[in-house]
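Me: I would like to learn how to read packing in a model like this one. Please take the features in turn.

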Amino acid sequence: MTALTRRQNAHPMDRIYRHQRHIYDLTRKYYLLGRDRLIRDLRPDHDGSVLEIGCGTARNLIKVAKRYPQARCFGVDISRAMLATAESAIARKGLNDRIRVARGDATNFDGAALLGEPTFDRVFISYSLSMIPSWRTTLERALHALAPGGRLMIVDFGDLAGWPGWFRTALLRWLALFQVTPRDDLADVAVKLANSRGYSIVMGSLYRGYARAITIERPNASRSP
């Protein structure tokens, strides 16, 4: 396959992040707020499995692995470019034995086939739903990947209710440059999906509505989704 053919067959996320991946973590820390709070609240059990859907550069997974040294960490992402950066970062930190990443579609990945884990004790999605066109299907897949007693934790853009209109307009224009669209009905969809499965859900607004945090927990004795 020629270089031209590879470029033509690349996933849109590869085209977006082919060059950005090198400065992604440096720039995103200023406006992807709430990620470290989510990591702090993960609290997986001893030897628990943690999956990030849309793991990108593995910035979050590396922090999870360092904070919870007994956890087994996994990540999936559709972008080969981002995964190349992730694998380099994981190796550089000496965490190859703690973190495993694989290329997979967030809407239909198979945890057992890709990562050797059919379900996970913790699944988290950090600012990826606003980038995935079929984000509702991604939510369903994330819930399907939960082990009994497991939790799905989400942080993404909120309604910006506490911010002036000019700020919301400017932020949305900026995000659109990267094909990012905040999901205004994320809370409603999450509640509907959780209730349909008999799962509990807790939601919160962060930073005056800049971000939304959602936790969905599957009971130990839950029926299969």
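Me: Leaving aside neighbours within four places in sequence, which residues is isoleucine 99 in contact with?

Reply: Contact means heavy atoms within 4.5 Å. By that criterion isoleucine 99 touches Leu61, Ile62, Ala65, Cys73 and Ile90, its neighbours within four places in sequence being left aside. The model is predicted: local features need pLDDT of at least 70, side-chain atom pairs count only at pLDDT 80 or more, and totals for chains, interfaces and linings use all residues. Residues are numbered from 1 along each chain as its sequence is written, and side-chain values use heavy atoms, with hydrogens and water left out.

Me: Which members of the largest nonpolar core touch the most other members?

Reply: In soluble globular proteins, nonpolar side chains tend to be buried together. A nonpolar core is a set of buried (under 20% relative accessible area, 1.4 Å probe, protein chains only) Ala, Val, Leu, Ile, Met, Phe, Trp, Tyr and Cys residues joined through side-chain atoms within 4.5 Å. Here the largest has 35 residues, and Leu42, Leu61, Val64, Ile99 and Phe124 touch the most other members. Another core, of 29 residues, lies apart from it and includes Trp135 and Ile154.

Me: What does glutamate 52 have around it, given that it is buried without a salt bridge?

Reply: A salt bridge is a side-chain nitrogen of Lys or Arg within 4 Å of a carboxyl oxygen of Asp or Glu. For glutamate 52 the nearest side chain of opposite charge, arginine 35, is 7.4 Å away. Its side chain does make a polar contact (N or O atoms within 3.5 Å, one able to donate a hydrogen and the other to accept it) with the side chain of asparagine 60, at 2.9 Å.

How values were computed
Buried means under 20% relative accessible area, exposed over 50%, partly exposed in between (1.4 Å probe, protein chains only). Lys and Arg count as positive and Asp and Glu as negative; His and the chain ends are not counted.
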